Amino acid sequence: TRSPVTVTVTGAAGQIGYALLFRIASGQLIGPDTPINLRLLEIPQAVKAAEGTAMELTDCAFPLLRSIEVTDDTRRAFEGTNIALLVGARPRTQGMERGDLLEANGGIFKPQGEAINANAADDVRVLVVGNPANTNALIAQAHAPDVPAERFTAMTRLDHNRALAQLAIKLGVGVDEIRRLAIWGNHSATQYPDLFHAEVGGKIAAEQVERQWMSDEFIPTVAKRGAAIIEARGASSAASAANAAIDHVHTWVNGTAEGDWTSAGVVSDGSYGVPEGLISSFPVTARDGRYEIVRGLDIDEFSRPRIDASVQELVDERETVRGLGLV
Ligand code: NAI
């Protein structure tokens, strides 16, 4: 058995929280040998509901679950935290402009970044799930100057998994036969799922599908899947989002397979024309507990404008939060 890991989940009483916490406590986040101390952060009105979830977690008698603490105190929530899953966010409500949404989320992610900076463990790793995830991650990172910027990431693994599944269905293969797929850009409708480096059976995926399927079906299906789930289920994706959060952290800690990569929103070093400092999705490998951007890929002319458009949206979001003094 290894030393225990403290995992903080914000928005613990929400629907993703409910799908996520049991999997963390059962050992799927890190691995089967690592005991977990759970910290659940909620707003005061939702603390009672989070306590109910904590009661259920207790009732599972998970061997790896050492402790659970529910709090509405942001500082306490991140004390000694090794893994922070920032799920709670302010949803867009009717009539809300994008600037209002970014401002409301700044009110959440700025203090959380500050608390992580002041109180988290030296090895803290942060995954932002709450939308707009990339820019929320940027805001938190901007307020944690003592934490290496690379420890702040945003979730595009759900988009990655959706793209894997759609391609597997199209080609009639198993998802495990696909390698090197990548999501570029923002976790939004502008994201770009790239099949030009993806391989199926050792051959490039883009050469095994029609170009028109890619532009008219594959890309919009992946990018608009969240809306399609809401339409069908009457609620937004929760279990699949929780699953992707588990995948993101598990890969971060345990690494990617040799010769393969995954997708994550990570701080840009200027690669592929993505302005430095933006938190954008890239193809990434994980090794020794670090996500690294895959270098040296050729970007073809189908992909280039699509990547650029999504990155431009991130630039615009950064401008907006700069104007609000949030970064
Ligand atoms: P939800 O509304 O069911 O739960 C959110 C929870 O966060 C609520 O319990 C709320 O009380 C809590 N919360 C709000 N402000 C908080 C704060 N300052 N501190 C702590 N907790 C706070 O929402 P759901 O379905 O669980 O989704 C959570 C977020 O994840 C949303 O922003 C959603 O858009 C996003 N999401 C992101 C995905 C991705 O791929 N990156 C996929 C699916 C959802």
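1. Asp 288 sits in the loop between strand 13 (279-287) and strand 14 (290-293); helices (H or I, at least four residues) and strands (E, at least two) are DSSP runs, numbered from the N terminus. The phi of Asp 288 is near 50°, a positive value in a residue other than glycine. Asp 288 counts as exposed because it has 6 C-beta neighbours inside 10 Å. Here a residue is buried if 20 or more other C-beta atoms lie within 10 Å of its own, exposed if 12 or fewer, and partly exposed in between, with C-beta atoms placed from the backbone.

2. The model is predicted: local features need pLDDT of at least 70, side-chain atom pairs count only at pLDDT 80 or more, and totals for chains, interfaces and linings use all residues. Residues are numbered from 1 along each chain as its sequence is written.

3. Ala 61, in the loop between helix 2 (47-59) and strand 3 (65-71), also is not a glycine and has a positive phi of about 50°. Ala 61 is exposed, with 7 other C-beta atoms within 10 Å. Most residues other than glycine have a negative phi, and most peptide bonds are trans.

4. The peptide bond joining Asn 131 and Pro 132 is cis, with omega about -10°. Pro 132 belongs to the loop between strand 5 (125-128) and helix 5 (133-142).

5. UniProt lists His 187 for "active site" in an unreviewed entry; positions are given in the numbering used here, feature names are shortened, and annotations may be inferred rather than shown by experiment. His 187 lies in the loop between strand 8 (182-184) and strand 9 (192-194). His 187 is buried, as 31 other C-beta atoms lie within 10 Å. Leaving aside neighbours within four places in sequence, its contacts (C-beta atoms, placed from the backbone, within 7 Å) include Ala 133, Asn 134, Asp 159 and Ser 281.

6. The ligand is surrounded by 27 residues, the closest being Gly 11, Gly 14, Ile 16, Gly 88 and Ala 89; a residue is near if its C-beta atom, placed from the backbone, lies within 6 Å. Helix 1 (residues 15-25) gives the largest share of this shell, three residues.

7. Strand 7 pairs with strand 10 (residues 199-200) over two bridges, and the bridge partner of Ile 178 in strand 10 is Val 200.

How values were computed:
Two residues are in contact if their C-beta atoms, placed from the backbone, lie within 7 Å. Two strands pair if DSSP finds at least two bridges between them.
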